[in-house]
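Morning, everyone. Please have the model open on your screens. I'll keep this short.

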Amino acid sequence: EFIASHDKPMFLRDITSALAIPKSSAHMLLSTLCARGYVIGSANSGFKLAGELAESPGWVGGHLRLVTRQAQPVMNELANALQETAALGVLKSNFDVRVVMYKNSPVEVRYDMTDTVELPGYCSAMGYLLLAYSDPSAVGDYLDAIDIEPLTTKTVTCKKAIMRRLRRVAARGYSIHVDERLTGASGAAAPILAPNGKVVAALNISTVTPRFNAKRGSIIDHLVAAAERIEHDAFGSAMPRQRPGMR
């Protein structure tokens, strides 16, 4: 997992220092991983994840596993601090969003994620966030292939307008959705990034629209800080973000 969280080869000294294990133990573990095909490399060239694993973000010990290990306690604190619902989502191969975990708001009037398994990529805060960090040409093909159905009167259905919004989302480091999928429900999402800069998951806050509008700035600040904390806890550092004053 440590090797998978870095985009460049890791040397024995890097591994022993980061994991605080003896050199002999690290060497033995690396020899086993190499022999079984999980890791490739040598003491001279450094060690990296085998190609078939590096190209498959869904493998059981990948970046997502590191993130989910650290996300739940942070999400619990986030939901309690804001009194709103927190969720973690990942992008599926069809560009919809799969909800991986959630923590419902402790208050009675809330956005409830209990029965939410998937969300449309083109019309959700997490979807916009994850699409914004995806290959633009692939996103364009996805938007061409689907019926962009207006779910509310505020749903954006124009492909060019969606692509413009995605560029703004990537530039500022978070997404906002107000009454676009469900009237009266709004939310924001921030990326959780691996050390190689690729998005692993989206961290989301959802609530009723009046409360979202009343504390939008606080929601965004807490959300981005929580995403950075999950990155730090999972990978040892947080990726820099561009956060201009836009809300």
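This is a predicted model: local features need pLDDT of at least 70, side-chain atom pairs count only at pLDDT 80 or more; totals for chains, interfaces and linings use all residues.

How big is the volume of the largest cavity? About 200 Å³.

The lining of the largest cavity has 17 residues. Those nearest the centre are Tyr 111, Ser 124, Ala 125, Arg 181 and Ser 206. Which strand gives the most? Strand 7, with three residues.

Six strands make an open sheet, and the order is 5-4-3-8-7-6. The pairing is antiparallel. Strand 5, at 118–119, and strand 6, at 175–178, are the edges. Each has a single partner strand, so one side of each has no neighbour in the sheet.

Let's walk across it. Strand 3 covers residues 85–91 and strand 4 covers 97–103; they pair antiparallel over six bridges. In that pair, Ala 86 sits opposite Lys 103 of strand 4. On to strand 8. Strand 3 is joined to strand 8 by five bridges, again antiparallel. There, Ala 87 faces Asn 204 of strand 8 as its opposite number.

Then strand 7 with strand 8. Nine bridges, antiparallel. Pro 191 stands opposite Ala 202 in strand 8. These two strands form a hairpin with five residues between them. Look at Gly 197 in that hairpin: its phi is positive, near 90°.

Stay on strand 8 for a moment. Is strand 8 largely enclosed or left open by the rest of the structure? Largely enclosed, because eight of its ten residues are buried. Buried here means under 20% relative accessible area.

Last, the helices. Helix 4, residues 63–82, lies across strand 3, strand 4, strand 7 and strand 8. Helix 4 runs at about 50° to strand 4. Helix 9, residues 216–235, packs on the sheet too. Helix 9 touches strand 6, strand 7 and strand 8. The direction of helix 9 makes about 30° with that of strand 7.

To wrap up, keep two things in view. Over to you.

Conventions. Residues are numbered from 1 along each chain as its sequence is written. Side-chain values use heavy atoms; hydrogens and water are left out. Two strands pair if DSSP finds at least two bridges between them. Helices (H or I, at least four residues) and strands (E, at least two) are DSSP runs, numbered from the N terminus. Contact means heavy atoms within 4.5 Å. Axes are lines fitted to C-alpha atoms, for helices over the stretch in contact, and angles run from 0 to 180 degrees between N-to-C directions. On a 1 Å grid over the protein atoms alone, a cavity is a set of points where a 1.4 Å probe fits but cannot get out, and a pocket is an open set with protein on both sides within 12 Å along at least five of seven lines; lining residues have an atom within 4 Å of a point. Grid points are joined across faces, edges and corners, and a volume is the space filled by probe spheres set on the points. Buried means under 20% relative accessible area, exposed over 50%, partly exposed in between (1.4 Å probe, protein chains only).
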